[in-house]
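Subject: Structure handover

Hello,

My notes on what turned up follow below it.

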Amino acid sequence: MDSKCSQLLPSVCTVLADSRQPVSDDTCLEKLLDWFKTLTNSGSGLLLLEENPCLTELILTVLRQEEPHPTILSFVLRLTGLLAASESCFQHLQQGEAVCMAFGDAGPLSSALWEDTSVRSGWVQGAHDMLQHPSAFRFLCDSGALDTIFTLQGDRSLFVASAANRLLACMLRFSVQSECSRPLGTDDCDWPECARRIVSRLEESLCSGSTSRANHSLKMLTTVFEQNQEAWTEVLWSRIAGTIKSLLEEESAQVGHSLVDLFLSMARSPVFGCHEGSLWHLVSLALKRLHPTQAGLLALGLLKLEESPQAIKTQGLNILLQPVASVTRASSPSSELSGLLDQPPAEGVSVESLLSSRSSCIGLLCQSLAHLEEIQHLACPPVDFPHKPLLHATVTVLQVCAGLAVPTSSLGATIGGILIGCSRVQRAALRLLGALSPWANRDASPEEVFDILLVCLRSPDASPTVLKTAFQATLKWCLSFSETSGSTDGFPWYKQFLRDLMPLLQKRLCSPRWEVRDSTLEFLTLAMKHLKGQEWFWQALSSSEVMALSEGLLDDPESYVRASAVRALGQLSLMAGAGSKAPGLGRSGSSNEDSIATRLLEILSSDSEGFPRRAVVGVFIDWLREGHLAPRHDPEQFVSQVIQAVKGDLDWEVKVSGLELAGAFAAQCFHRFGFPECPYAAAANASSASEPARLPELLQAFSRVRLLDFLFGALGDCDRPVALKACEILTGVKGKIGTGGGLNEGQRSELQGKALLEGTWKMVAPCASGLPGGDGSRTVSQDPKHTLLILEAVDLEELERALGRSSDHLEKSPWSLLQDILSAGGAPEENEADCY
């Protein structure tokens, strides 16, 4: 602790201990505890108490008060536990009986304040923090704290009950590890007294018939198995396994979620790695007995674990497939279901009854579809996954939602009435359909997939979120099919799909809902980006009015749509410049790249919203990096125009993007003039890399673009991200060209003495000292030698560190925190809020 804080701390403790003073804000007290925790974690806890006796005095004063404020008492209890977490501090506090007064019978336990939730919370958190050494454990055992913790397990505050469970788990671990003199057995006599009492309490609660008590005990057991992976946990399990089995068979519905958490925590522990152990028998039983939604959560967790036995994974997969299979079997006579669930499990009746009820059908089906989608993203499939029948089942679910399925039973008719037009199920099924796209053209039937995608995209009643998800699934299937098939010559139905898709895009681009127009433009942009090498895609696009409509949306009243139109037009222009057979641009059919760049520059300069302007700069960055014709023809003029437009923009994200473009241009210049390779120089002339570095030419290029003028101006910007980005780029530039730039001392002195540098330095000096807000009216000297001197003079590393600190780093300091507490408590009548 520094001297300034040491001087303030006694006054702060006096204010906190004075019951007449207003109570400090809870946030201040939490920050104060965090600060004390940082000090004690550094190993100087005892020194802290010895050098600051006011802390002990604060604890004793508050604990001796008849009616302290509950917030201050809770703070003192937590502070006591925090300070007593080391053996030496514990003994120091015990000399004044501070620990006894805080956590013993004579403390808050026996006062009326115990009814306050914050006091109980402070007590249990303080006791948990203190329980780091044997002395604290013995004190809690001898003081009767165990009974208090048992009571707090059922506290009306879930936060207190959860903290009590964690404390009880910690007590059990301490007892087993510190009091056992021989290996544990299943008999009571083998367990230490404290552990025996805890385990007996667990068994009693699990057999009590009380759902709340059983849930509390199961949560405590979950904590034990999560935090401990020693051999004694296996002995503990052998004691309670029978009780858990009885609970599973008799009251699984009431404690299902707690059992799922318990089984998954144990399955992750290496102690239970034996596949023949009782744990896995109970897990198998749980998958059969739990409610299908609870069993689905357990199945998903087990499928993610490589350690799970193969039989358990197969059983879990069947649990997840069951709702989808039941819907498909009731709604489709197709033989495609072979291999999905040939033999319905015994619980099929239960699942079918849930599917026949509107209140449970949608939730169960959405959960099943979401879990199956999540499994598709695993690095290694857990079992032999039936992708082909699942694909058919997913398509069938979408057909049911669209009203196209023909029911094969009364259940199918009931399910159809529930699911027709259901957006939730449609979105879940479409996400699963997209996740199954890697299996396109692999013994699958992509025709039915593309047919149902067209149905979803055509639907006049589809919500914007369903259409967005359908577009995402369509893109995934187009990409997967193009990667696996290579050519569409043998797939005439696929060419027909593309021809059918374009009128749908035209229709959606004219939708009255801006979300639909926006999603359509996003799909179009991504499709052009990822299918740029596919001639058949461009043929379908060129024969439609899609791009003409997209260009018209540059004037859309919604800024999000204008931004998406900018990206779509920019991507199309980039593809055309790269040689793709792109359709004509512009309402008059013109494909002039300069006119496109001019239109986008006009948007950058004049659009009133930030989203389109950000999109324009993003497009220009892509053009510069990927060799678009406009910047490739005259990169200096192109970059100069963008910089001038961005320079005065009020949106900080636009300026940051402009700086990124400046960085890309600088990197290409470094490559062009023979400097080391850099990441953005892919489109530059590769032959120049072998030439020696040409520093004067590089600086002249920067000067023509006024690049450093832009960077130094941004360095003093009032928006911190802008200044940081400029500092990052300037640091890279400085590192490339080095300091000094070949100037000798005489030249450097001569230049530094010139009045020409004075104006420049007046602008740059505030930035160099870490103070944003340079004079934007001034410009950096364009003389290359002056540029080198400025770069050499500015300590960019120190400036970057200064900018990296948050703007309130002074206010967040411990000294400022202590000042705040003193100020709040100094004059209560002056700090009362005026509610009017």
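A definition before the helix pairs: axes are lines fitted to C-alpha atoms, for helices over the stretch in contact, and angles run from 0 to 180 degrees between N-to-C directions. Please keep in mind that this is a predicted model.

**Helix pair H20 and H23**

Helix H20 covers residues 387-402, and helix H23 covers residues 446-458. Their axes lie 10 Å apart, and the packing angle is about 25 degrees. Angles under 35 degrees count as roughly parallel, so H20 and H23 are roughly parallel to each other. The crossing of H20 past H23 is left-handed.

On the H20 side, the contact uses Leu 391, His 392, Val 395, Leu 398, Gln 399 and Ala 402. On the H23 side, the residues are Glu 448, Val 449, Ile 452, Val 455 and Cys 456. Sorted by class, the contact of H20 with H23 has eight nonpolar, two polar and one charged residues.

**Helix pair H1 and H4**

Another pair to look at is helix H1 (residues 3-17) with helix H4 (residues 53-64). Their axes come within 9 Å and cross at roughly 5 degrees. By the cut-off for angles under 35 degrees, H1 and H4 are therefore also roughly parallel to each other.

H1 brings Leu 9, Pro 10, Cys 13, Leu 16 and Ala 17 to the contact. H4 brings Cys 54, Leu 55, Leu 58, Thr 61 and Val 62. By class, the contact of H1 with H4 has nine nonpolar, one polar and no charged residues.

**The chain as a whole**

The protein chain has 42 helices and zero strands. Of its 836 residues, 53% are buried. Take the contacts between residues at least 6 apart in sequence: 71% of them join residues at least 24 apart.

Thr 80 belongs to helix H5 (residues 70-83). Buried means under 20% relative accessible area. Thr 80 has 0%, so Thr 80 is buried. Beyond residues up to four places away in sequence, Thr 80 touches Ile 59, Leu 93, Ala 98, Ala 102 and Phe 103.

Phe 272 sits in the loop between helix H14 (232-267) and helix H15 (278-289). Its relative accessibility is 6%, so Phe 272 counts as buried. Setting aside neighbours within four places in sequence, Phe 272 is in contact with Phe 225, Thr 233, Glu 234, Trp 237, Met 266, Leu 279 and Trp 280. Phe 272 and Glu 307 are 35 residues apart in sequence, and their C-alpha atoms are 9.6 Å apart.

Phe 665 is part of helix H34 (residues 652-672). At 1% relative accessibility, Phe 665 counts as buried. Not counting residues up to four places away in sequence, Phe 665 touches Leu 624, Pro 635, Glu 636, Val 639, Phe 702, Val 705 and Leu 707. Leu 624 is 41 residues from Phe 665 in sequence, with 7.5 Å between the C-alpha atoms.

**Cysteines**

How many disulfides does the structure hold? It holds zero. Two cysteines can be checked for burial. Cys 478 has a relative accessible area of 3%, so Cys 478 is buried. Cys 669 has 1% relative accessibility, so Cys 669 counts as buried too.

Best regards

Methods. Residues numbered from 1 in each chain as written. Predicted model: local features only at pLDDT ≥ 70, side-chain atom pairs only at ≥ 80, totals over all residues. Heavy atoms only, no water. Helix = DSSP H or I, 4+ residues; strand = E, 2+ residues; numbered from the N terminus. Parallel < 35°, antiparallel > 145°, perpendicular 65-115°, else oblique. Left-handed = near helix turned anticlockwise from the far one by under 90°. Contact = heavy atoms within 4.5 Å. Nonpolar A, V, L, I, M, F, W, Y, C, P; charged D, E, K, R; others polar. Disulfide = S-S within 2.5 Å. Buried < 20%, exposed > 50% of the residue type's maximum accessible area, 1.4 Å probe, protein only.
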